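Hello,

Here is the structure I said I would hand over. Please have a look at it first, and then read my notes below.

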Amino acid sequence: MNNLQARIEEHIETLSKFTATPGQGTTRLTYSNEDKKAREYLKEKMKEYGLNVQEDGLGNIFGKLDGTLPDAPSVLIGSHFDSVPNGGSYDGPAGVVAGLEVAALFAENNLKPKYPLEVIALVEEEGSRFGGGLMGSRGITGLLSEDEFKNLTDHDGISTVEAMTKIGLDPTLPIKRDPKTMKAFLELHIEQGPILEDKNIPIGVVETIVGLTQFEITVEGQAGHAGTTPMDRRSDALVTAANMIARFPSLATEEGEGTVVTTGKLHVFPNGANVIPKKTVFTVDIRSGKEEHIQNVIKKLNRLIASYSKDGIHISAIQQLYMKPKKMNQEIVSLLKQTSNELDIDYFPINSGAGHDAMVLADVTDVGMIFIPSKDGLSHCPEEWSDSRDIAKAVDILFQTAKKLTEVEKK
Ligand code: HGY
Ligand code: MN
Ligand code: MN
């Protein structure tokens with residue numbers, strides 16, 4: 001195993017230990033103690049690799065290698081470092097680690113870039129704690145306003161500001177970043193699907209990222225005794241939710257073209273075996289490569305809500321996130337393909353069914369993304385695994401691409 005691959009494995013292994021569910025995958029919620037430990041590790045490595053480290057008012061981490069051009073915009077490389085509950089070790093961290101190791105190669109080769117290089121580690125991409133997702137990158141671009149950010153609370157009613165302060169972060173630091181300070185953003189991510197592994201190709205060059213929206217639906221009925229309440233006198237919030245959720249797969253298949261609809265979260269109140277549920281809260285995640293399909297499913301969802309709002313049942317919906325499908329910057333896509341060819345690394349042009357911070361930053365700077373294979377196509381589960389040799393190949397591509405984009409001065 002070469003030195004780069006060994007360092008990659010050490011980073012991934014170390015970060016995977018910062019989990020609230022040891023032995024049951026990675027659970028690293030934003031601003032948790034696990035976040036704090038991962039953050040300290042990443043900042044320590046950034047300093048070790050010669051980067052100036054800063055955090056913003058959301059807790060995103062930036063490690064900067066200054067360029068020779070004064071006040072020039074940065075080439076950013078990184079991803080997120082939060083996780084889904086009981087997730088894997090690579091979703092997010094693979095991209096942050098790749099950014100770290102590109103910076104290490106700049107340091108090892110004593111490279112002087114004209115444009116600064118910045119390694120970034122973003123918060124709350126998954127939305128596991130505060131809902132919606134893509135929070136860190138949406139804060140940077142202003143898509144999430146400072147007020148919206150500060151009013152977010154988790155399932156226990158703890159606010160972002162309260163949670164940040166608890167782990168020593170400063171919510172008074174700037175949140176929105178001036179787009180003129182960003183020249184480009186490169187992100188390595190695991191594919192989270194089976195295509196690259198099936199084709200036995202180590203690199204995917206991302207062309208587009210799927211559009212997506214997420215709703216939180218609340219169904220309110222009437223609690224009651226499971227034994228004494230006749231069936232025709234119930235306003236059962238869980239039966240209503242179940243009837244609605246059972247319709248979602250057909251909403252997706254009716255649209256076709258890869259449209260998907262998922263309910264991943266369901267809370268029942270008061271959640272007693274002998275109590276007719278008073279309230280249910282569940283999520284609906286809708287995705288498609290074509291925005292018209294997302295809009296059609298939203299219309300059908302609204303019709304479902306209207307048709308089930310009767311007999312003592314009240315249904316409300318909060319739209320937590322809406323992102324149009326995004327194309328990657330064509331010049332960067334070509335540069336990534338050209339660099340892969342120069343390095344004789346096989347690649348496959350691919351579209352992303354997962355959402356990524358790259359789709360948000362694409363609103364304010366030129367963005368490019370590459371994938372590596374996921375074993376058995378699995379992700380968002382403890383079985384998630386990718387080969388550090390593929391991460392090393394991705395680092396080589398990102399290193400050469402970053403040298404071009406930062407216009408490293410020829411010695
Ligand atoms: O949901 C997604 O696509 C990403 O994993 N946040
Ligand atoms: Mn991810
Ligand atoms: Mn994810």
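**Salt bridges**

The count comes to 24 salt bridges. Keep in mind that this is a predicted model.

Start with helix 13. Asp390 and Lys393 both lie in this helix, 3 residues apart, or about one turn. Their side chains meet in a salt bridge, at 3.8 Å from N to O. Asp390 is buried, because its relative accessible area of 13% is under 20%. Lys393 is partly exposed, at 31%. There is also a network: salt bridges that share partners join Asp35, Arg39, Lys43 and Glu55.

Two other pairs are worth a look. Arg287 forms a salt bridge with Asp285, and their closest N and O atoms are 2.7 Å apart. Asp285 counts as buried, with 11% relative accessibility. Asp178 pairs with Lys180 in another salt bridge, where the closest N and O atoms are 3.5 Å apart. Here Asp178 is partly exposed, at 35%. Lys180 counts as exposed, because its 67% is over the 50% cut-off.

Glu126 and His380 link distant parts of the chain, 254 residues apart. Glu126 sits in the loop between strand 4 (117-122) and helix 4 (135-141). His380 sits in the loop between strand 16 (366-372) and helix 13 (388-405). Glu126 is buried, with a relative accessible area of 15%. His380 is partly exposed, at 41%.

Strand 1 (52-55) and strand 2 (61-65) each supply at least two lining residues. Strand 1 gives the most, with 3 residues.

What is the make-up of the lining, by nonpolar, polar and charged residues? The residues divide into 4 nonpolar, 3 polar and 7 charged.

Best wishes

Conventions:
Residues are numbered from 1 along each chain as its sequence is written. Chains are lettered from A and ligands numbered from 1 in the order in which they are written. This is a predicted model: local features need pLDDT of at least 70, side-chain atom pairs count only at pLDDT 80 or more; totals for chains, interfaces and linings use all residues. Side-chain values use heavy atoms; hydrogens and water are left out. Helices (H or I, at least four residues) and strands (E, at least two) are DSSP runs, numbered from the N terminus. Buried means under 20% relative accessible area, exposed over 50%, partly exposed in between (1.4 Å probe, protein chains only). Ala, Val, Leu, Ile, Met, Phe, Trp, Tyr, Cys and Pro count as nonpolar, Asp, Glu, Lys and Arg as charged, and the others, Gly among them, as polar. A salt bridge is a side-chain nitrogen of Lys or Arg within 4 Å of a carboxyl oxygen of Asp or Glu.
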